[in-house]
Amino acid sequence: MDIAASKRRIDRLPAPILFVLSGISMYVGAALAVWLFDVASPSGVAWLRCLGAAVILLAWRRPGRAAWRGRPLLLAGAFGVVTAGMNVVFYEAIARLPLGTVVALEFVGPVVVAAFGSRGRRDIAALVFVAVGVVCIADVQLRGSPSGVAFALAAAAAWAGYIVLGRKVALGGNGIDSLAVGFAVATALLSPLALGTGGVWGAPDLLVMGIGVGLLSTVVPYVLDQVVLRRVGQARFAVLLALLPVTATVTGLVVLGQVPSLLEALGILAVVAGVALRSRDPDEGTAVREPP
């Protein structure tokens, strides 16, 4: 396979198409992860996802020695640990709440990061929309799983960290090589979570599914993220972010049979409206992105 030709073809694809492909891959992987929760803990499945991503990326990229020392290693390691931690709390959240709900709650992270760059009226209006959306969603779910809401908001905070570090990796790191190094570091540091994967190792089909989650939810979307992060600014990226909760909700409905309630659907729409409203600012200085 001609890797350079494949890269050129990907680079020619419009950013929205790349983003939709990324979202579909990510949330199909998340739906598969839910099926593993019967034999492994959510944190254990997140660790399997990290392991699978590390193995695939290391075999593909084979980073050189320079990527394993000094500042590149620190940057890649920080990115990997923050991203893996985001995945852990994301899986703990979707073990307790519908997929679309968790994704909507996660949006607090990127919207806050986007709002930090300006104090305009659109920013304030966007944050109001997001706050209303979160209240609508949380009001429904607090009666069933307060811990699920807490994990989802923790994922939002981690998503903000992913945005900041992801941009540094895309523009100042070693790109996809940094992803390989980062996930290898995270796999090693978070190895105690492997204790929650005992039921997977005795079933080859489940182990393959766990590695597949790493491919679908990490390798494919995060590699595409690196492409998009180099091409668009913050305003454009925020518009694209609005595609994620729609993708997640449709995936949760089709794959998991999770039908959102009316109030929950209104909350999701409010969060999406907040992101889209914020994106209208003419700010192309930075690019952002996330989640699990």
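The largest nonpolar core in this predicted model has 62 residues. A nonpolar core here is a set of buried Ala, Val, Leu, Ile, Met, Phe, Trp, Tyr and Cys residues joined through side-chain atoms within 4.5 Å. Buried means under 20% relative accessible area, exposed over 50%, and partly exposed in between (1.4 Å probe, protein chains only). The residues with the most contacts inside the core are Tyr27, Leu57, Phe90, Tyr91, Ile94, Leu99 and Phe183. Helix H4 (residues 70-94) gives the most to this core, with 10 residues. Helices are DSSP runs of H or I with at least four residues, numbered from the N terminus.

Residues are numbered from 1 along each chain as its sequence is written. Local features need pLDDT of at least 70 and side-chain atom pairs count only at pLDDT 80 or more, while totals for chains, interfaces and linings use all residues; side-chain values use heavy atoms, with hydrogens and water left out.

Apart from neighbours within four places in sequence, leucine 99 is in contact (heavy atoms within 4.5 Å) with Tyr27, Ala30, Phe90, Ile94, Ala248, Thr251, Gly252 and Gln258.

Serine 25 is part of helix H2 (residues 15-36). With a relative accessible area of 9%, serine 25 is buried. Not counting residues up to four places away in sequence, serine 25 touches Leu216, Ser217, Val220 and Pro221.

Next come the charged pairs. A salt bridge is a side-chain nitrogen of Lys or Arg within 4 Å of a carboxyl oxygen of Asp or Glu, and by this rule there are 2 salt bridges. One joins aspartate 177 and arginine 61, at 2.8 Å from N to O. Aspartate 177 lies in helix H9 (residues 176-189) and arginine 61 in helix H3 (residues 42-61), so this pair ties together parts that are 116 residues apart in sequence. Aspartate 177 is buried at 18% relative accessible area, whereas arginine 61 is partly exposed at 31%. Glutamate 92 forms a salt bridge with arginine 96, and the closest N and O atoms are 2.8 Å apart. Glutamate 92 counts as buried because its relative accessibility is 12%; arginine 96, at 35%, counts as partly exposed.

On the surface, Trp35, Val246, Val250, Leu253, Val254, Val255 and Val259 form a nonpolar patch with about 660 Å² of accessible area together. Helix H13 (residues 243-256) supplies the largest share of the patch, 5 residues. Valine 259 sits in the loop between H13 and helix H14 (262-278), and counts as exposed at 65% relative accessibility. Patch residues have over 30% relative accessible area and no salt bridge, with nonpolar side chains (Val, Leu, Ile, Met, Phe, Trp, Tyr) joined within 5 Å and like charges within 9 Å. Accessible areas come from the Shrake-Rupley method with a 1.4 Å probe, and for residues only the protein chains shown count as cover.

Notes:
Helix = DSSP H or I, 4+ residues; strand = E, 2+ residues; numbered from the N terminus.
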